[in-house]
Amino acid sequence: MTATIAAPCLPTLMDEDMPNHVAPPPTPLEDAVTTTLRYYAPPDSDGVAWLGAQTPLALVRLDERLRRWWAPPSEQPVLLDWYSLGQAAPTLRDAALFIATGGANGRVRERSLQMCAKMPGKLTLAAALIRCNDWAAPVRDAAQPVVMTLLGLCDMADVQWAWPLAVRLRDAGRADRDWIGSVLEPWLCETGQRSLLESLLTHPDGRTRRYAHSIAFNQDPHWAEMVRKRALHDPDPQVAKLAICHVLGHASEEDIVALCRYALQAPSSQVRVEALRALAARDLPDQAALLDAAAFDRAGNVRSLVTWLRRDRGQGNTISLWRDELDSGRRGRVREALEGLADHAEAEDADRFCSAMRSMGLRGQRTCLRGLIRAEGGLGMSVLQASLDHTNAGLRALISSAKPLWSAGLSAETLASMGEWPLSCSAREQLLRRLAGTLSRWQFLELLLDFPTGGSGEHWRSELIECWLTHRWGYSPLGLERRRAFMERLQGSGHGWDGEEADRVARALEST
């Protein structure tokens, strides 16, 4: 009987006992690309993925940096090794070719372009378009057929993504204008590329969008008319201005009238101005009604044009329309009427602005203050008080340039009453700056010395004295007699000042 030998009991290997998976070492191509991009990509990031996420114009800047004196050499043979490129992933392959096309050696750039023609992708297309503006003529000549080859091989999304580089070539210093006008742009105008051209009309790059509209306006008349009408209401004012100029220069008379009426509701005020000017130049039965409606446009340049057109045609002053709208009590066009009246206000309109200010928001209040300054011929005391809480830079600039009517007859009693104005902290600081910026140094000091004593204005007087001491005054000459008069008043007790305040002012006078 044969004895059975039992197999030895071997320990079972659990998952946690298995050796960790070791990643394969990077290939020479991957190592070369990663090492080069390490100088440009953010730390601890995947350089290949970072390169693929760059915008076309960012690639132009990167291409320039590839040839800086501190940059690593990009003419590495492995970057153009046919076998390595064929075995690499598409993203790694495109990154290697892009780096190779940006080297300093022209022969390497030319050879890399020839390889790009056989490996379509958005990076290779971008590299070829960049090289169309190369400083070496042989490289430029080699890049042009490569671009046309890649345009036929790449996906439409890649072509749309890279087209801002093609637009850039129109203003490039070394690009071949004849090739752009006779080869590149006619390719885009082909019927088979209509879907690409339509996608460029909504491209996120504004310059590309304007370029696409300029091309589309000269295509199939029916389609071009539709694009042109849609462009009149484009949010980009330059696209809309391009459309209205094309309408006025190429459309029929009937289409000009119809499209200009449509353009009166365009977002761009420049387009509305051009449309209104074109309609006013034609004998239309409702021309007066068009001008009356445009007088309440939200843009000042349109209202100014209406004012000039009505005056030129003897239709009366537009200011009467705005006054009638405010006096009627209707709420429909009050803001536009206030804006228009503020630009052309006269003395009799001051009461209208004062009454309207009480029911307006911040923007409406600024308009009323602007109208009051024009109506009163300067900055009065009431406008000064109402404007202190407004931080709008335009309003402050207008107030700074307005004639300070409030300072002409300013007395110490009036200065003391300013302390009782219900102002916020920021408005109070603004008032102090306004006083110091308008009054002369010695006029301000005389008002402080004449400041009424007693009452609840001592804190306000202390703020004014501190403002006088700390303000950076300009050149302020002081004669001996006037200096002696100031010192005598400070040494006396009639001013009611604190002793420390008087001493500080006296030392400031002595050092002047």
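The model I am reading is predicted. Arginine 489 is partly exposed, with a relative accessible area of 37%.

**Entry: the partner of arginine 489**

I followed the side chain of arginine 489 to aspartate 450. The two meet in a salt bridge, 2.8 Å from N to O. Arginine 489 lies in helix α29, and aspartate 450 lies in the loop between α27 and α28. The pair therefore ties together parts that are 39 residues apart in sequence. Aspartate 450 counts as partly exposed, at 40% relative accessibility.

**Entry: helix α27**

Next I looked at α27 itself. How many of its residues are buried? I found 7 of 9, so the helix is mostly covered under the 20% cut-off. Among the buried ones are Trp442, Phe444 and Leu445. Arg441 is also on that list. I then asked which helices the buried residues pack against. The list reads α25 (412–417), α26 (425–438), α28 (458–470), α29 and α30 (499–510).

**Entry: aromatic pairs**

I searched the whole structure for aromatic pairs and noted 4. One of them joins tryptophan 163 and tryptophan 187. Their rings are stacked, 6.1 Å centre to centre, with 25° between the planes. Tryptophan 163 sits in helix α9 (residues 156–168) and tryptophan 187 in helix α10 (residues 177–189). The pair links distant parts of the chain, 24 residues apart. Tryptophan 163 counts as buried at 1% relative accessibility. Tryptophan 187 is buried as well, with a relative accessible area of 11%.

Another pair took me back to α27. Tryptophan 442 and phenylalanine 486 form a tilted pair, 6.1 Å centre to centre, with 35° between the planes. Tryptophan 442 is in helix α27 (residues 441–449), and phenylalanine 486 is in helix α29 (residues 480–491). They are 44 residues apart. Both tryptophan 442 and phenylalanine 486 are buried. I also noted that ring pairs link Trp442, Trp468 and Phe486 into a cluster.

**Entry: around glutamate 325**

Is glutamate 325 buried or exposed? I read a relative accessible area of 3%, so glutamate 325 is buried. Its place is in helix α19 (residues 319–328). I set aside its neighbours within four places in sequence and listed its contacts: Phe296, Arg330, Arg333 and Ala337. Glutamate 325 and phenylalanine 296 are 29 residues apart in sequence, and their C-alpha atoms are 9.8 Å apart. Two of those contacts turned up together in another search. The charged end of arginine 333 sits over the ring of phenylalanine 296, 3.8 Å from its centre. I logged a second case of this kind. The charged end of lysine 122 sits over the ring of tryptophan 161, 4.7 Å from its centre.

**Entry: salt bridges**

How many salt bridges does the structure hold? I noted 28. One runs between aspartate 134 and arginine 131, with the closest N and O atoms 2.6 Å apart. Aspartate 134 is buried, with a relative accessible area of 0%. Arginine 131 is buried too, at 2%.

Another joins glutamate 348 to arginine 323, where the closest N and O atoms are 3.7 Å apart. Glutamate 348 lies in the loop between α20 (334–343) and α21 (350–357), and arginine 323 is in helix α19, so the pair ties together parts 25 residues apart in sequence. Arginine 323 counts as buried, at 12% relative accessibility.

**Entry: the exposed places**

Last, I turned to the surface. Tyr39, Trp69 and Trp70 make a nonpolar surface patch of about 430 Å². Tryptophan 69 is in the loop between α3 (56–65) and α4 (82–87). Tryptophan 69 is exposed, with a relative accessible area of 80%.

Most residues other than glycine have a negative phi. Aspartate 44 is in the loop between α1 (28–37) and α2 (47–52). At 87% relative accessibility, aspartate 44 counts as exposed.

Definitions and conventions
Residues are numbered from 1 along each chain as its sequence is written. This is a predicted model: local features need pLDDT of at least 70, side-chain atom pairs count only at pLDDT 80 or more; totals for chains, interfaces and linings use all residues. Side-chain values use heavy atoms; hydrogens and water are left out. Helices (H or I, at least four residues) and strands (E, at least two) are DSSP runs, numbered from the N terminus. Buried means under 20% relative accessible area, exposed over 50%, partly exposed in between (1.4 Å probe, protein chains only). Contact means heavy atoms within 4.5 Å. Patches are made of residues with over 30% relative accessible area and no salt bridge: like charges are joined within 9 Å, nonpolar side chains (Val, Leu, Ile, Met, Phe, Trp, Tyr) within 5 Å. Accessible areas come from the Shrake-Rupley method with a 1.4 Å probe; for residues, only the protein chains shown count as cover. A salt bridge is a side-chain nitrogen of Lys or Arg within 4 Å of a carboxyl oxygen of Asp or Glu. Rings of Phe, Tyr and Trp (its six-membered ring) pair if their centres lie within 6.5 Å; planes under 30 degrees apart count as stacked, over 60 as edge-to-face and the rest as tilted. A charge sits over a ring if NZ of Lys or CZ of Arg is within 6 Å of the ring centre and within 35 degrees of the ring normal.
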